[in-house]
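Student: Please take me through the pockets of this model. I want a close look at the largest one.

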Amino acid sequence: MEPLVKHTGRVAALDRVNVDTDQIIPKQFLKRIERTGYGPFAFFDWRYFEDGTTLNPAFELNDDRYAGATILVTGRNFGCGSSREHAAWALKEYGFIAIIAPSFADIFANNAVENGMLTVVLPPADVAELTQRAQNIDDYQITVDLANTIVQDNHGFATSFAVDATVQHRLLNGLDAVGLTLQQVDAITAFEAKRPNWLTVF
Amino acid sequence: MAGKTLFEKVWESHLVHEDPGGPALLYVDLHLVHEVTSAQAFEGLRLSGRSVRQPALTVATVDHNVPTTGRSETIADDISRRQIETMEQNAAEFGLTFYGYRSPNQGIVHVIGPELGYTQPGKVIVCGDSHTSTHGAFGAFALGIGTSEVEHVLATQCLIQKKPKTMEVRVDGVLPQGVTAKDIILGIIGHIGVDGGVGHVIEYTGEAIRSLSMEGRMTVCNMSIEGGARAGMIAPDEKTFAYLKDRKYAPQGSDWEAALAHWRTLTTDADAEYDSVVKIDAASLAPHVTWGTNPGQVVPVTGRVPSPAEMLTSDEQAATERALTYMGLEGGTPIQDIAVDRVFLGSCTNARLEDLRAAAGVVRGRQVHPDVHAMVVPGSTLLKQKAESEGLNEVFQAAGFEWREAGCSMCLGMNPDILAPGERCASTSNRNFEGRQGKGGRTHLVSPQMAAAAAIAGRFVDVREW
Ligand code: SF4
């Protein structure tokens with residue numbers, strides 16, 4: 001996993017609440033057994049017309065001004081619904097490195113971290129402000145500084161955000177969770193020795 | 001010292017390691033695996049040269065992608081077949097218990113876990129599937145995880161988890177006639193909203209919850225995730241123990257006695273405190289029908305589709321407008337004026353034996369409306385056989401329902417069972433998201449009885465007057 005310390009990039013706004021993972025990556029793409037190749041299918045049913053190839057101009061992210069955006073600003077409860085990690089894979093491949101919203105669904109937030117993608121929770125008023133700016137300022141860019149937990153732009157916006165210390169450590173150093181946990185293998189073995197037999201007999 | 005909640009007891013007894021202020025490392029007692037979210041995890045193990053730490057605690061099946069028309073045929077869709085075969089190969093390579101496409105124990109992962117007795121009180125249970133919350137009905141801490149976490153659990157038998165907050169949802173009083181577990185949970189989600197439970201584990205308490213069967217409790221816990229919760233739990237009691245007694249993989253003999261002694265301690269202490277409490281009066285509940293594109297967009301069957309103007313915030317107004325456009329509905333339309341094209345009786349929410357019996361009771365001796373295409377997809381192969389031995393298949397088929405093989409089917413439409421664009425469906429499943437049952441398909445979530453009645457009437461009707 002690539003470390004993520006500080007990132008500056010173009011912002012795209014998707015001003016909708018409760019965006020669910022069925023929309024982020026529809027089920028027909030979950031039949032694949034690969035971990036990559038989902039980017040072209042992100043938001044498939046919103047992004048394209050019926051033919052599956054013509055871009056639908058009514059979908060916010062198809063706005064030319066958002067081309068190459070790496071930061072997504074969106075509404076509360078982003079990523080709700082299914083646990084499919086394909087949603088995180090699709091957004092990462094689409095190009096997003098950080099997502100800012102008033103809240104995230106729990107499983108989605110965990111999946112994002114596992115893929116080196118940062119979810120930043122900001123108060124609704126700040127998210128509304130960033131959304132406005134993304135919609136109204138050409139090539140609107142912000143900087144997400146994970147080391148110092150600050151989000152800022154060149155137009156006078158700056159705020160700090162909260163991040164779980166362990167998540168911050170993992171993202172800053174690009175650490176793989178399995179490797180970290182296996183450092184606790186003695187504790188796991190000791191725990192297993194104490195489990196009653198009836199929990200394992202089958 | 002203050003007492004402990006059920007959740008805290010289960011949490012604390014599974015702590016392998018905890019950094020102060022950091023997330024905990026929790027031991028996992030049961031890891032359920034299915035074909036859609038596991039292939040990349042097994043591939044990850046292969047790439048890093050790791051094995052499955054506890055194959056004996058890992059149980060796999062195929063459910064999401066399987067056709068429901070006949071088990072003798074090979075699977076026509078090449079990509080689906082490859083995914084199902086990959087699950088089979090991974091289970092064999094890593095030495096896991098596997099219930100394959102033609103196994104008599106095959107079924108929706110959240111139906112077969114309890115049915116075979118793997119699901120037990122006090123366990124930590126995970127699966128790469130958000131409806132793992134179902135198993136909380138037994139007093140387990142059961143939660144959905146992503147594929148990277150599946151790989152983590154396979155390799156370490158542990159889950160990294162930040163301690164959630166606790167929420168009590170107390171449903172007091174007696175449930176009126178015709179109102180079901182599905183209506184309780186739809187009512188709860190309508191009340192707290194689809195993100196009301198984010199960051200929390202919900203414990204369902206109160207007389208109306210205690211009076212539910214295990215099947216009903218599973219229906220309630222199943223949809224905890226639809227309220228945004230990390231998990232849902234119900235304290236085990238005599239009903240729980242009676243359900244598990246003599247199940248194939250439940251503890252037997254002296255192990256049973258030892259397990260029972262432990263399970264009896266799994267209740268919330270009288271002086272324990274939850275981070276938040278929500279109270280609902282069961283007597284005030286009616287059969288519910290969703291009108292929109294998330295499960296919180298729901299009203300009683302006697303109600304009307306709301307208009308955007310009735311919503312309190314501009315966010316909700318915009319969301320309502322989008323939902324009504326997608327659903328092809330006008331604000332103000334009475335729910336009972338909405339006609340349906342399809343009826344789906346299935347899914348891990350409502351395709352257990354009790355659900356099929358209740359729906360059969362509604363359709364017995366009646367005919368499916370000529371404009372409606374209705375199908376029943378039992379939750380597991382085992383319960384399908386039980387239903388057949390009771391003659392339920394004949395009741396449904398005589399009424400004009402299709403009777404299918406077990407699987408997720410039209411709950412998410414990964415197999416050929418999907419809605420055509422614009423088709424409207426009364427569904428006993430758990431998600432009415434845009435395109436969930438097929439691109440452009442319109443889903444209304446209801447109880448099995450309400451779905452059965454809609455199939456006969458061709459529109460939504462109040463099953464209490466049936
Ligand atoms: S029945 Fe539906 S909700 Fe349940 S596991 Fe299958 S796809 Fe998921």
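Tutor: Start with α4(A), which gives the most to the lining of the largest pocket, with five residues. Helices here are DSSP runs (H or I, at least four residues), strands are E runs of at least two, and both are numbered from the N terminus. The model is predicted: local features need pLDDT of at least 70, side-chain atom pairs count only at pLDDT 80 or more, and totals for chains, interfaces and linings use all residues. Residues are numbered from 1 along each chain as its sequence is written, chains are lettered from A and ligands numbered from 1 in the order in which they are written, and side-chain values use heavy atoms, with hydrogens and water left out.

The largest pocket holds about 1,000 Å³ of space. A pocket is an open set of points on a 1 Å grid over the protein atoms alone, where a 1.4 Å probe fits, with protein on both sides within 12 Å along at least five of seven lines; lining residues have an atom within 4 Å of a point. Volume is the space filled by probe spheres set on the points.

In total, 35 residues line the largest pocket. Nearest its centre lie Asp106(A), Ala109(A), Asn110(A), Asp164(A) and Lys162(B). Both chains supply elements. From chain A, α4 (106–114), β4 (118–121) and α6 (165–173) each supply at least two lining residues. By class, the lining has 17 nonpolar, eight polar and ten charged residues. Ala, Val, Leu, Ile, Met, Phe, Trp, Tyr, Cys and Pro count as nonpolar, Asp, Glu, Lys and Arg as charged, and the others, Gly among them, as polar.

The second largest pocket has about 550 Å³ of space.
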